[in-house]
Amino acid sequence: MRKAHTSIGRGHVAGWYEIRVQGRLEQRWSAWFDGARLTHDQKGTTVLLCHVDDQAALYGLIDKVGDLELQLVSVTADMCSPARGARSSAD
Amino acid sequence: MPQPLLETKLFLPAPRPGLVPRPRLRARLDRGLTSRLMLVSAPAGFGKTTLLVDWLSSLSASSGGRPRSAWLALDPADNDPARFWSYVIAALRTALPDVGSNALALLQDSQPPPVELLLTTLINELGTADGDVVLLLDDYHVIDSAAVQAGMGFLLEHLPARLHLVVASRVDPALPLPRLRARGDLVEVRAVDLRFTADEAADYLNGAMGLRLSTADVEALEARTEGWVAALQLAALSMTGRDNVSGFIAGFAGDDRYVVDYLVEEVLQRQPEDVQAFLLRTSVLDRMNGSLCDAVTRQRRGRAMLEALDRENLFVVALDDRRQWYRYHHLFADVLRGRLLDEQPELLAPLHALACDWYERSGDPVEAIRHAVAGGDLSRAADLVERVIPTMRRDRQEVTLRGWLEVLPAGVIRLRPVLCNALAGSRLSTGTFDGVEELLSVAQQWLDQADDAEASEAASTDMVVVDHEEFRRLPAEVAFHRAGLALVRGDADGTIRFARHALELAVDDDHLSRGAANALTGLAAWSKGDLETARSSYAACLVEFERINYVSDVLGCSITLADIEITQGRLRDAMRTYQAALDLHERHHTPVQRGRADMHVGIAARHRELNDLATARQHLMQADGLGEYASLPQNAYRWRVAMAQVCEAEGDLDAAFDLLDEAERLYEGDFSPNVRPVTALRARTQARHGRLDEALDWVDRQQLSVTDELSYLQEYEHLTLARVLIAQHARDGEAGTLAQAIDLLERLLRAATDGQRRGSVIEVRVAQALAHQVRGESVEAVAALQAALDLAEPEGYVRTFIDEGSPLMPLLTAAAEQLPSAYARRLLAAMAAASSADPHAQAPSPRTSGGMVEPLSGRERDVLRLLDTELNGPQIARQLVVSLNTVRTHTKNVYLKLGVTNRRAAIVRARELDLL
């Protein structure tokens with residue numbers, strides 16, 4: 001049987017994303033954002049590194065950013081996250 | 001309203017004391033009263049609700065013609081259109097108690113109304129309402145259903161002048177905002193407008209909260225919170241009763257942590273531990289009262305705690321004026337939930353389970369299911385869904401039900417035969433067939449296994465059944481759904497087989513299953529041409545549906561039953577069927593009107609057949625007056641077909657053809673077989689009135705041939721083909737064409753006789769009479785006509801004969817001489833009267849053979865001359881300098897003396913008599 005190519009049906013692509021928001025968000029919000037890893041940088045922004053199963057899950061996370069009235073700075077697909085290897089064994 | 005409404009959703013929050021007045025925003029909203037939509041769009045915590053409440057109270061303060069307000073707080077369950085519009089109407093009725101009763105009746109009907117019909121009805125009711133009303137939809141961002149959004153778009157597009165729409169949302173709604181903006185129909189209040197200016201912040205902190213802060217402190221707070229109201233409130237809360245306020249402000253301003261995090265931390269730290277625990281635990285609740293809080297905290301002071309939070313302004317919002325139900329401010333609730341998730345994630349499932357228990361105990365399955373799903377207890381959710389299925393069906397909340405069923409994992413569903421069947425049914429009813437077959441098979445396997453287990457007295461181990469009553473009905477329902485699946489696959493025999501099986505299995509009091517199975521059997525039998533089975537099935541289905549008050553289903557099935565009866569030549573039965581359906585409203589005192597117009601159309605068509613054109617017209621007008629609101633979807637085309645035939649009988653062919661064209665465009669078939677296509681009726685009418693080429697085009701397009709295999713479904717078209725061929729022969733004189741027509745008619749006669757379709761037999765016989773007559777075979781012709789008359793007499797057919805016009809006249813005369821009867825004499829008289837009214841009639845009418853009965857007066861001749869122009873009635877009146885009524889009187893006399901009933905016929909007759 002032919003194996004379906006993973007890029008067929010973009011809505012189903014699982015992957016890592018970096019969601020950057022303005023302000024310093026504490027690590028305790030990790031559970032709220034489905035276990036995202038939170039890191040802070042010098043510019044006073046917080047990066048949420050999260051693994052999503054599909055686009056719907058990504059939009060769900062962005063909605064949560066909005067619910068808290070956090071200011072969204074950017075969303076980037078992170079194709080080669082350093083956390084990838086560590087995470088994928090747990091998947 | 002079948003399901004009780006949550007009054008808390010309609011509760012207009014009271015304005016909080018100590019609000020900062022915001023005249024600039026109030027003024028903007030005042031301006032909005034002249035626009036179409038007021039949109040308050042900003043994230044949580046910007047004071048959207050507060051602003052609207054404040055604005056409404058300012059409206060009520062200014063006296064004189066102030067609009068009333070209707071408030072609706074939306075929640076995610078409102079994505080079910082039936083629920084959404086029920087609540088909208090309920091909200092409107094808090095302001096205008098008499099409005100919306102027709103729309104509500106539609107929602108209670110057994111068939112869900114198309115949303116545009118529902119809204120048109122509501123809009124019409126609002127149009128006649130007394131006074132202006134502002135409808136405020138709060139938390140509109142929870143709406144993501146395309147059906148609800150489309151309905152809102154339609155409402156906006158047709159908004160009555162006295163309804164003012166306000167939408168408050170965290171995100172811009174999916175409404176045509178750019179278009180509304182461009183037309184100046186939109187007034188917006190957005191985050192940037194809602195932010196507190198430095199002055200407003202000072203007013204709030206130093207005025208309302210009495211903090212006595214320095215200008216520098218206020219500016220620091222305003223800058224750090226960016227005028228975000230929720231953050232300012234949290235900050236004020238943290239500062240109340242604090243000694244070193246400036247120290248707090250400096251610490252806050254110098255910190256780059258997420259504002260809310262910082263402030264909630266500050267606020268929580270200052271609360272006693274039991275209050276902190278209470279806040280965290282109750283954060284899983286969307287709404288709460290004392291008893292519910294007691295249930296999830298396992299304590300007994302929920303009510304006192306809520307009152308204390310309310311007093312201290314700790315982000316609770318009262319949801320009713322008795323202060324029983326509250327919710328947390330959305331943002332505060334999110335922060336609390338975030339903390340709970342971080343600090344005590346293990347509490348989440350038990351808290352939701354406790355909330356689920358409480359809601360189940362208090363009879364709110366919708367919330368109970370929500371908590372079961374949120375707590376991850378899907379098998380509990382499945383149990384609850386199974387128990388609530390009958391109620392959800394009764395209340396037409398199919399969308400919500402399907403939403404739950406689709407959320408539950410396949411593994412959970414598979415163990416529950418009742419849910420397998422319910423999911424299959426809800427997919428079928430929305431036109432999705434994926435997995436339906438498999439779901440039904442799984443349900444069937446459980447049923448078979450249960451039977452075996454009963455036989456061997458061993459309990460089946462894995463199967464889960466909670467609602468044993470539903471399980472008892474299950475065999476019939478599974479069979480019924482299989483019948484439905486067979487029907488959409490075009491398998492009539494399978495449909496009948498499964499539907500019969502469903503009927504055998506259905507328990508006696510299961511009227512819905514019995515009615516539906518009978519309807520399916522009827523439909524499948526009808527499309528096979530087995531009319532006797534179809535008729536008895538539909539008759540049985542009407543009895544069942546009437547038992548459960550499914551009014552518009554009764555009316556819908558009555559149309560079909562009457563159609564079948566007409567084909568069977570049972571005109572009187574058809575009339576009784578329509579009348580019984582109309583009487584249903586008196587018998588059941590139901591407000592549902594839908595389908596009543598359809599009955600009048602059916603009655604009109606029967607009166608036309610009896611040649612009582614005036615009564616036919618009267619019923620058509622009555623149907624028209626009842627309006628779309630009282631019509632089923634097919635009525636638009638059926639009304640035009642009936643009216644076209646009345647117009648044709650009256651001699652107004654242009655109107656008849658126009659109506660038939662419209663009917664073709666508006667054709668709506670549903671699942672019913674199209675046994676009398678509008679295009680065939682048009683071709684028949686064309687052939688009869690000398691427009692043969694168009695009729696022949698139709699034959700080509702339909703690819704009809706005299707050698708086609710005959711089936712009931714195409715009977716009407718083949719009979720039309722025979723008629724077109726007879727007309728073609730009359731023009732071209734080719735003997736072959738006529739022979740083909742006669743052959744075809746012979747075959748049609750056999751098929752109709754075998755199928756016991758007496759109505760069809762009569763029509764075929766009349767066509768045969770005409771065909772034989774053309775071939776000079778008068779013995780055969782009269783015999784065929786006599787056969788038709790014998791069948792038609794008991795039911796009183798008239799137009800079927802006299803529509804044929806002059807060619808049938810000598811045959812009818814001969815038949816009446818051979819076998820004198822009152823019926824034949826009546827037909828002859830009617831034909832004579834009709835042909836004198838028909839401008840296309842070739843035979844001289846008895847009135848005219850000796851010229852005019854009475855000569856026209858001078859004034860009548862003037863009117864007659866003007867009738868032969870393009871002028872309309874009022875123009876003629878002006879021309880003759882008389883009143884319109886006088887013109888009408890003269891016109892009536894002209895028609896009477898010429899023996900005609902319309903203008904066109906009058907001109908034709910006048911020319912024949914050399915009066916023009």
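This passage describes the interface between chain A and chain B, the nonpolar cores, and two buried residues of chain B.

The structure is a predicted model, in which local features need pLDDT of at least 70 and side-chain atom pairs count only at pLDDT 80 or more, whereas totals for chains, interfaces and linings use all residues. Residues are numbered from 1 along each chain as its sequence is written, chains are lettered from A in the order in which they are written, and side-chain values use heavy atoms, with hydrogens and water left out.

At the interface, 13 residues of chain A are in contact with 20 residues of chain B, contact being defined as heavy atoms within 4.5 Å. The two chains bury about 1600 Å² between them, 52% of it on carbon and sulfur atoms, where buried area is the accessible area (1.4 Å probe) that two parts lose on being put together, summed over both. On the side of chain A, the residues that lose the most area to chain B are A:R24, A:R28 and A:E69, which together account for 42% of what that side buries. There are 6 salt bridges between the chains, a salt bridge being a side-chain nitrogen of Lys or Arg within 4 Å of a carboxyl oxygen of Asp or Glu. A:D67 forms a salt bridge with B:R170, with the closest N and O atoms 3.1 Å apart.

The largest nonpolar core has 144 residues, of which A:F33, B:L205, B:M239 and B:Y328 touch the most other members; such a core is a set of buried Ala, Val, Leu, Ile, Met, Phe, Trp, Tyr and Cys residues joined through side-chain atoms within 4.5 Å, and buried means under 20% relative accessible area (1.4 Å probe, protein chains only). Helix α11 (residues 229-239) of chain B supplies the largest share of this core, 9 residues. Apart from neighbours within four places in sequence, B:L205 is in contact with residues including B:L232, B:A236 and B:M239. A second, separate core of 67 residues includes B:I566, B:M599, B:V798 and B:L812.

B:F278 is located in helix α14 (residues 273-282) of chain B and is buried, with a relative accessible area of 2%. Beyond neighbours within four places in sequence, the contacts of B:F278 include B:C293, B:M305 and B:Y328; the C-alpha atoms of B:F278 and B:C293, 15 residues apart along the chain, are separated by 8.3 Å. B:L10, in the segment before α1 (23-32) of chain B, also counts as buried, at 15% relative accessibility, and among its contacts outside four places in sequence are B:W71, B:Y87 and B:T94.

Notes:
Buried < 20%, exposed > 50% of the residue type's maximum accessible area, 1.4 Å probe, protein only. Helix = DSSP H or I, 4+ residues; strand = E, 2+ residues; numbered from the N terminus.
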